[in-house]
Amino acid sequence: MAILSSSIARKVAMALSGLFLVLFLGQHFTINITSVIDPDTFNSWSHFMGHNILVQFILQPVLIFGVVFHFVMGLILEIRNNNARQISYKSFKGNKNSTWASRNMIISGAVILAFLGLHFYDFWFPEIIHKYVESNPLDATRYYPELLHKFESPVRTGLYCLAFVLLMLHLWHGFSSSFQSMGWNNKYSKGLRAFTQFYAIFIPLGFIFIALYLHFIQ
């Protein structure tokens, strides 16, 4: 961990882990949107992801590590920034100095982490139990009905939607900041920022649409 001893190294590590999670988010959305378009495709892709050795035993552990690392690194940076801040809180003027999203990244990140805990409880743990504890036979058609069942409850559906709103705020600041932390500053910066803002809105809204659609068709 000595390589992470400098402030710049920590920010770059935070940025890289964030970009990795953004890529996963896009991949996850691509699979989930098929539940609205074509449930058979959703079943097929989910079955592949759930039984592919590379996904299960390499990419999945890397993803879990990435989530934990990103949150822990964000917490460390937040604590160090607060300790180093010399400006009195009395002179702070809210949005005149920064956006809500940038000031509360650790809060939105903590809520998103809690949401991931719910997501694991809803989907990952039942999947592990189904395959490795109960040793049920393969059934490539079970994924869509199970997904529908998870969104029967209006409370659970509402929690998912709220989490994605906070994810939107988190991405709005964090996605573009990741490139800034790595020194990205050239003629493409303006276009890249526009793309990150579009992504920050489109992907969470897409997940909200999926959750609401699956809830109201039942």
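Residues are classed here as buried when their relative accessible area is under 20%, as exposed when it is over 50%, and as partly exposed in between (1.4 Å probe, protein chains only). The structure is a predicted model, in which local features need pLDDT of at least 70 and side-chain atom pairs count only at pLDDT 80 or more, whereas totals for chains, interfaces and linings use all residues. Residues are numbered from 1 along each chain as its sequence is written, and side-chain values use heavy atoms, with hydrogens and water left out.

Four salt bridges (a side-chain nitrogen of Lys or Arg within 4 Å of a carboxyl oxygen of Asp or Glu) were found in a search of the whole structure. In one of them, Glu-146 pairs with Arg-142 at an N to O distance of 3.1 Å; Glu-146 is partly exposed, at 33% relative accessibility, while Arg-142, at 8%, is buried. A further bridge joins Lys-131 to Glu-127 at 3.6 Å, N to O, and these two residues, both buried, stand four residues apart in helix H5 and are therefore separated by about one helical turn. Glu-127, Lys-131, Arg-142 and Glu-146 are linked in a network of salt bridges.

Asp-122 and Arg-156 also form a salt bridge, with an N to O distance of 2.8 Å. Because Asp-122 belongs to helix H5 and Arg-156 to helix H7, this pair ties together parts that are 34 residues apart in sequence. Asp-122 is buried, at 2% relative accessibility, whereas Arg-156 is partly exposed, at 25%.

Helices are DSSP runs (H or I, at least four residues) numbered from the N terminus. With axes taken as lines fitted to C-alpha atoms over the stretch in contact, and angles running from 0 to 180 degrees between N-to-C directions, H5 and H7 (residues 154–181) pack at about 140° with their axes 9 Å apart. The axes of H5 and H6 (143–150) come within 11 Å and cross at roughly 140°. In the loop between H5 and H6 lies Ser-135, whose phi is near 50°, a positive value in a residue other than glycine; Ser-135 is exposed, with a relative accessible area of 52%. Most residues other than glycine have a negative phi.

Ile-58, found in helix H3, is partly exposed, with a relative accessible area of 46%.

Notes. Helices (H or I, at least four residues) and strands (E, at least two) are DSSP runs, numbered from the N terminus.
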